[in-house]
Amino acid sequence: MSFAVGVILATQGPSKQNRQNHASEVARMHVPAHLAISWLIGSKLPERRDRRLVAWSGVAPDLDALSLFWGVGAYSEYHHVLTHGLVAAVVGTAIWTALARKRYKVLALSLIAFHVHLICDLLGSGRDWPIV
């Protein structure tokens with residue numbers, strides 16, 4: 001498995017019933033926890049701006065949770081799908097790096113924060129979620 005590509009945990013994905021049951025719980029791994037962990041990852045950067053960029057790079061994968069505004073069905077269909085993969089990792093890291101002062105450090109730490117987010121989701125949400 002390649003971290004750059006993301007982690008594929010299920011070839012067929014969870015059943016729709018499992019996703020809807022989980023969607024009713026919303027999420028076990030909460031955004032403040034992702035933010036705190038990502039902040040710790042970037043905490044040694046000298047620039048406050050760069051620390052913030054790394055912290056938000058660990059939260060950005062949960063932008064697909066905004067699908068909850070369109071109902072539990074949309075949430076169960078799209079959460080952990082839209083922004084938890086290769087395209088999101090590359091696009092997000094490119095944005096954070098472009099805005100950073102210490103670009104190479106933010107690039108590396110943003111990728112780490114993104115993938116730690118995936119690991120935390122795996123630990124908090126269980127193996128039934130496809131992370132692609």
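# Chatting through an all-helix chain

User: What's the pattern of this chain along the sequence?
Analyst: Keep in mind that this is a predicted model. Along the sequence the pattern reads α-α-α-α-α-α, with 6 helices and 0 strands in the chain.

User: And how much of the chain counts as buried?
Analyst: The chain has 132 residues, and 42% of them count as buried. The chain exposes about 7600 Å², with carbon and sulfur atoms supplying 66% of that area.

User: What share of the contacts join residues at least 24 apart?
Analyst: That share is 66%, taken among contacts between residues at least 6 apart in sequence.

User: Switching to charges. How many salt bridges does a search of the whole structure find?
Analyst: The search finds 1 salt bridge. Arg101 pairs with Glu47, and their closest N and O atoms are 3.2 Å apart.

User: Where do those two sit?
Analyst: Arg101 is in the loop between α5 (86-99) and α6, while Glu47 is in the loop between α2 (31-42) and α3 (48-57). The pair is 54 residues apart, linking distant parts of the chain.

User: Is Glu47 buried, exposed or partly exposed?
Analyst: Glu47 has a relative accessible area of 29%, so it counts as partly exposed.

User: You brought up α2 and α3. At roughly what angle do their axes cross?
Analyst: The α2 and α3 axes cross at roughly 140° and come within 7 Å. That angle makes α2 oblique to α3, because roughly antiparallel would need an angle over 145 degrees.

User: Left-handed or right-handed?
Analyst: The crossing of α2 and α3 is right-handed.

User: Which residues meet there?
Analyst: From α2 you get Leu35, Ser38, Trp39, Ile41 and Gly42. On the α3 side they meet Arg51, Arg52, Val54, Ala55 and Trp56.

User: OK, new topic: Ser110. Where's its place?
Analyst: Ser110 sits in helix α6, which covers residues 103-125.

User: Why does Ser110 count as buried?
Analyst: Ser110 counts as buried because its relative accessibility is 0%, and the cut-off for buried is under 20%.

User: What is Ser110 in contact with, leaving aside its neighbours within four places in sequence?
Analyst: Ser110 is in contact with Leu53, Val54, Ser57, Thr93 and Trp96. Val54 is also one of the α3 residues that meet α2.

User: What about Ala108, buried or partly exposed?
Analyst: Ala108 is in helix α6 too, but its relative accessible area is 38%, so Ala108 is partly exposed.

User: Last one, Asp62. Which loop is it in?
Analyst: Asp62 lies in the loop between α3 and α4 (72-78). With a relative accessible area of 10%, Asp62 is buried.

User: What's Asp62 in contact with, leaving aside its neighbours within four places in sequence?
Analyst: The contacts of Asp62 are Val31, His34, His79, Thr83, His84, His117 and Asp121.

User: How many residues apart in sequence are Asp62 and His117?
Analyst: They're 55 residues apart in sequence, and C-alpha to C-alpha they are 9.0 Å apart in space.

Key
Residues are numbered from 1 along each chain as its sequence is written. This is a predicted model: local features need pLDDT of at least 70, side-chain atom pairs count only at pLDDT 80 or more; totals for chains, interfaces and linings use all residues. Side-chain values use heavy atoms; hydrogens and water are left out. Helices (H or I, at least four residues) and strands (E, at least two) are DSSP runs, numbered from the N terminus. Buried means under 20% relative accessible area, exposed over 50%, partly exposed in between (1.4 Å probe, protein chains only). Contact means heavy atoms within 4.5 Å. Accessible areas come from the Shrake-Rupley method with a 1.4 Å probe; for residues, only the protein chains shown count as cover. A salt bridge is a side-chain nitrogen of Lys or Arg within 4 Å of a carboxyl oxygen of Asp or Glu. Axes are lines fitted to C-alpha atoms, for helices over the stretch in contact, and angles run from 0 to 180 degrees between N-to-C directions. Angles under 35 degrees count as roughly parallel, over 145 as roughly antiparallel, 65 to 115 as roughly perpendicular and the rest as oblique. A crossing is left-handed if the near helix is turned anticlockwise from the far one by less than a right angle, and right-handed if clockwise.
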